[in-house]
Each structure stands twice: as C-alpha cells, then as structure tokens.
Amino acid sequence: MSSVPQPQAAVAAPAPGERTQIMGVLNVTPDSFSDGGRWYNHADAVDHGFSLLAGGADIIDVGGESTRPGAARVSEEEELGRVVPVVRELARDGAVISVDTMRETVARAALDAGAAIVNDVSAGQSEPGMLALAAEAGVPIILMHWRGHLGDTSVKPHYADTVAEVAGELEDRVRAALAQGVSREQIVLDPGLGFSKNARHNWDLVSRLDVFAGMGMPLLVAASRKRFLSALVAPDPSETAALEDRDSATAALTVLAAQAGAWAVRVHEPRSSRIAADAVHQAQLAYARTAASARVREAGTRLAGSEAGTVPEAEPGPAPRGSAAERGPGAQPGDEAR
C-alpha cells in the first residue's frame, strides 16, 4: 500500500472553505506532447501516479491516447492495454482516478477497474455511447469543448466571439448529455484550451473563466504546458521552453482559475499548482474573515448611532485587490494579471 494521503472524490464547484482541486496528468503513451514515453512502462506509470499524489494532486487523470496535434489514433486494444492495468493498481491503493478517453469501451473497463470520473475531450461526439455510459454508471463526466480530432486538418480555429461560441457549444453538449440521462450534477465543463483554438482564442477564454464557472456546473481548466503558455518564455519556437518555465506559467493560470472558482486544474507538475491553489484559498478565507469583521463593526457603529439618535453613513472601504471595482468599469477578470 502507498503511504500517500488519499484524496477526496468530490466533484463540485468549490464551496466557501474549499480550494480548487489538482488533477495530475498521467500519460501512458509514447508520444504525448510534453512527456510522451516517460511513463509508458507500466511500473513507471504507477510510480509516477503516486509521485503525482505525493506532489499535491487530488486526482490522477490516466490516458492512453495522445491528443497532441497530428497524433494518430491507437487501436482500442492498445489503449485498453495501456490504461486499465494502471488504473486498477492506482485505484486499488485508494487513488481517485479519472480516465482520459474518447472510447466507451475504455471508459467502461476503466470504471470497472476502479476509475471514478470519465474525462472525454470529445464530449461524447467521438462515441455517443459515452454519454449513456455516464448515465448508467452515475459517474461524473468531463465535457470538453471540441470541434474535431487534432489530426483533422479540416478543423480550423475560427470564432467571431470566442467566449460566447465556446460557451454556447458546451451548452449544446450539456443538452445532449441530459437527453441521454446524465444528471446536471454529474457534468464538469472544460473550455478546451488548445483544441481548435489559437493563442488568441486561448487567452480570450482565460480572460473570462468566470463565464464558464458561472454556467452552473463545475469547471475544469486544462492549460498545463500548452503552446500558448510556452510562447511566453520561448516565443520562437515555443517548443524550446524549459519544462520549469512552462510549469511556472501553468501555476499562474492555476491562480486565475482558482480565483474564477474552477473546481479543478489539470496539470503535469502538481506541486507548484497546489501551492498556487493553496495561496488563493488562504487569501479567499482571509477576505471572508476580514469582510465579516468589517460587517460586525459596521453593524455596531450603526447600532451605537441609532441609540444616540444619529446613524452615520458608512464610508466605503477600498475595493478588494484585483476586484472589478478596483479595475474600473468594463474590466474583465484576468485584467489585473496583464
């Protein structure tokens, strides 16, 4: 048995007093875009899964098929052989597992092996039976915004209004899931950063994560090590960016996601993002605490004034740092980080 503290499997938007969850990426593939091949061996994959937990991950997302641009699909048998034994061994030791797959058969086998969440980047469009499986099993399913396989050169990233169109297309997938018997409480939304989107589209979405967090379902943000972040530190070519720098940029996105109320962030290196999420959580707790104290003081002042026959008007205090009030009219979440 592993000595790693066992995570919780709650899938819901963070309530007061809760922090954003950390989902660690475990690619059991030879060709994933940032760490392909490192955990392809079964024993190495299992060891890395427990390392992710030790580094602060709450959930391990196990995938056996690369979704990098230009990647060819693997056979069903190959994907099953990569994913299911790893899921079984990690789940047996108490890890909370999500299975990253577009195939119903792989998702079903992974759930039978102990997985607790289905993460389908196609949102049920690759295989419609995936939605019925989620309904049958009663497990959470992550629906990501997707316009087709990354290897499909006919898929072009064009949006007149990125945020509105992505949100609208996600709502379409929610309706499709509901029609298959999936309950709204089971659904997690993912705006699909990097999928059918260029850097500008990705930053448009990052700047308005509050829109997706406000759609009434938990939000997953998966930006880890993606090209639009790598380009911040190595613009030409972005692939030369050091992993440490990519992870620093990822941790910054974790801060923005946590501030927006995301349920979880999906990351390759959990430690820096866990620290970032913990820092936001502590700041939110402190703000709630000081705001409550201010309300108590204001109520006491008003009561004293009422007893004296006068009720002084409360002077407005400074707006919370980074709030819409501080940024001014028309500002959007994320402006404070620009």
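Visitor: In which helix is Leu232 found?
Guide: Leu232 is found in helix H8, residues 227-233. Helices (H or I, at least four residues) and strands (E, at least two) are DSSP runs, numbered from the N terminus. Please note that this is a predicted model, in which local features need pLDDT of at least 70, side-chain atom pairs count only at pLDDT 80 or more, and totals for chains, interfaces and linings use all residues. Residues are numbered from 1 along each chain as its sequence is written, and side-chain values use heavy atoms, with hydrogens and water left out.

Visitor: Is Leu232 buried or exposed?
Guide: Leu232 counts as exposed because its relative accessibility is 52%. Buried means under 20% relative accessible area, exposed over 50%, and partly exposed in between (1.4 Å probe, protein chains only).

Visitor: Which residues form a nonpolar patch with Leu232?
Guide: Trp203 and Val233 form the surface patch with Leu232, and together the three have about 270 Å² of accessible area. Like charges are joined within 9 Å, and nonpolar side chains (Val, Leu, Ile, Met, Phe, Trp, Tyr) within 5 Å. Accessible areas come from the Shrake-Rupley method with a 1.4 Å probe; for residues, only the protein chains shown count as cover.

Visitor: Now the sheet. What is the order of its strands?
Guide: The order is E6-E5-E4-E3-E2-E1-E8-E7, in an open sheet of eight strands with parallel pairing. Two strands pair if DSSP finds at least two bridges between them.

Visitor: Which strands stand at the edges?
Guide: Strand E6 (187-190) and strand E7 (220-221) do; each has a single partner strand, so one side of each is left without a neighbour in the sheet.

Visitor: How many bridges join E5 to E6?
Guide: Four bridges join strand E5 (residues 141-144) to E6, and the two run parallel. Within E6, Val188 is the bridge partner of Ile142.

Visitor: Which way do the residues of E8 point?
Guide: From strand E8 (residues 264-267), Ala264 and Arg266 point one way and Val265 and Val267 the other way, and all are buried. In a regular strand the side chains alternate between the two faces of the sheet.

Visitor: Across which strands does helix H2 lie?
Guide: Helix H2 (residues 76-92) lies across E1, E2 and strand E3 (97-100), and runs at about 160° to E2. Axes are lines fitted to C-alpha atoms, for helices over the stretch in contact (heavy atoms within 4.5 Å), and angles run from 0 to 180 degrees between N-to-C directions.

Visitor: A change of topic: where is Ala123 found?
Guide: Ala123 is found in the loop between strand E4 (117-120) and helix H4 (129-137). Its phi is near 55°, a positive value in a residue other than glycine. Ala123 is buried, with a relative accessible area of 0%.

Visitor: Finally, how many helices and strands has the protein chain?
Guide: The protein chain has eleven helices and eight strands, and buried residues make up 47% of its 338 residues.

Terms used
Patch = residues over 30% accessible without salt bridge, like charges linked within 9 Å, V, L, I, M, F, W, Y side chains within 5 Å. Salt bridge = Lys/Arg side-chain N within 4 Å of Asp/Glu carboxyl O.
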